[in-house]
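Try each task before reading its solution.

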Amino acid sequence: MILVIHIVVAILSLVSAGILYFYPAKPKLYTTYVLVAAMLLTGFYLTLNKPAHLVQSCITGLAYLAIVSYAIVSARKKLTREI
């Protein structure tokens with residue numbers, strides 16, 4: 001069950017980061033933060049319970065974080081320019 005939650009949260013956070021990138025706003029930024037934190041927490045939980053897939057999990061997690069971080073940083077820059 002936690003795997004399903006993890007996958008759904010990861011997809012929602014990617015969608016949220018994409019929307020945030022194109023239409024930056026503070027509430028969307030906070031939503032993306034919460035979704036990324038939830039994805040990381042469930043990812044840590046899954047990795048601790050299934051350490052056999054550690055390398056594969058870490059590579060996928062780092063790719064995910066790179067994409068979402070780029071969207072968040074870009075959106076923050078856009079928001080600071082608007083002020």
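Predicted model: local features only at pLDDT ≥ 70, side-chain atom pairs only at ≥ 80, totals over all residues.

**Exercise 1. State how many helices and strands the chain has, and describe its overall dimensions.**

Solution. 
- Step 1: Count the elements. The chain has three helices and zero strands.
- Step 2: Read along the sequence. The pattern is α-α-α.
- Step 3: Box the C-alpha atoms along the principal axes. They fill roughly 45 × 20 × 15 Å.
- Step 4: Check burial. Of the 83 residues, 29% count as buried.

**Exercise 2. Find which residues of H1 are buried, and where they sit around the axis.**

Solution. 
- Step 1: Check the length of H1. Its 21 residues reach 30 Å from first C-alpha to last, close to the 30 Å expected at 1.5 Å a residue.
- Step 2: Apply the cut-off for buried, under 20% relative accessible area. His6, Val9, Ala10, Ser13, Ser16, Ala17 and Leu20 are buried in H1.
- Step 3: Recall the helix geometry. An α-helix has 3.6 residues a turn, so residues three or four places apart point the same way.
- Step 4: Find the partners. The buried residues of H1 pack against helix H2 (26–49) and helix H3 (54–82).

**Exercise 3. Identify which helix gives the largest share of the nonpolar patch, and decide whether Phe22 is buried or exposed.**

Solution. 
- Step 1: Outline the patch. It covers about 1,200 Å², and its residues include Met1, Ile11, Phe22 and Tyr45.
- Step 2: Assign the share. Helix H1 (residues 2–22) supplies the largest, eight residues.
- Step 3: Locate Phe22. It is found in helix H1.
- Step 4: Compare with the cut-off. Exposed means over 50%. Phe22 has a relative accessible area of 59%, so Phe22 is exposed.

Terms used: Residues numbered from 1 in each chain as written. Heavy atoms only, no water. Patch = residues over 30% accessible without salt bridge, like charges linked within 9 Å, V, L, I, M, F, W, Y side chains within 5 Å. Areas by Shrake-Rupley, 256 points an atom, 1.4 Å probe, with all protein chains shown as cover. Salt bridge = Lys/Arg side-chain N within 4 Å of Asp/Glu carboxyl O. Helix = DSSP H or I, 4+ residues; strand = E, 2+ residues; numbered from the N terminus. Buried < 20%, exposed > 50% of the residue type's maximum accessible area, 1.4 Å probe, protein only. Expected span 1.5 Å × (residues − 1). Arc of directions from axis to C-beta. Contact = heavy atoms within 4.5 Å.
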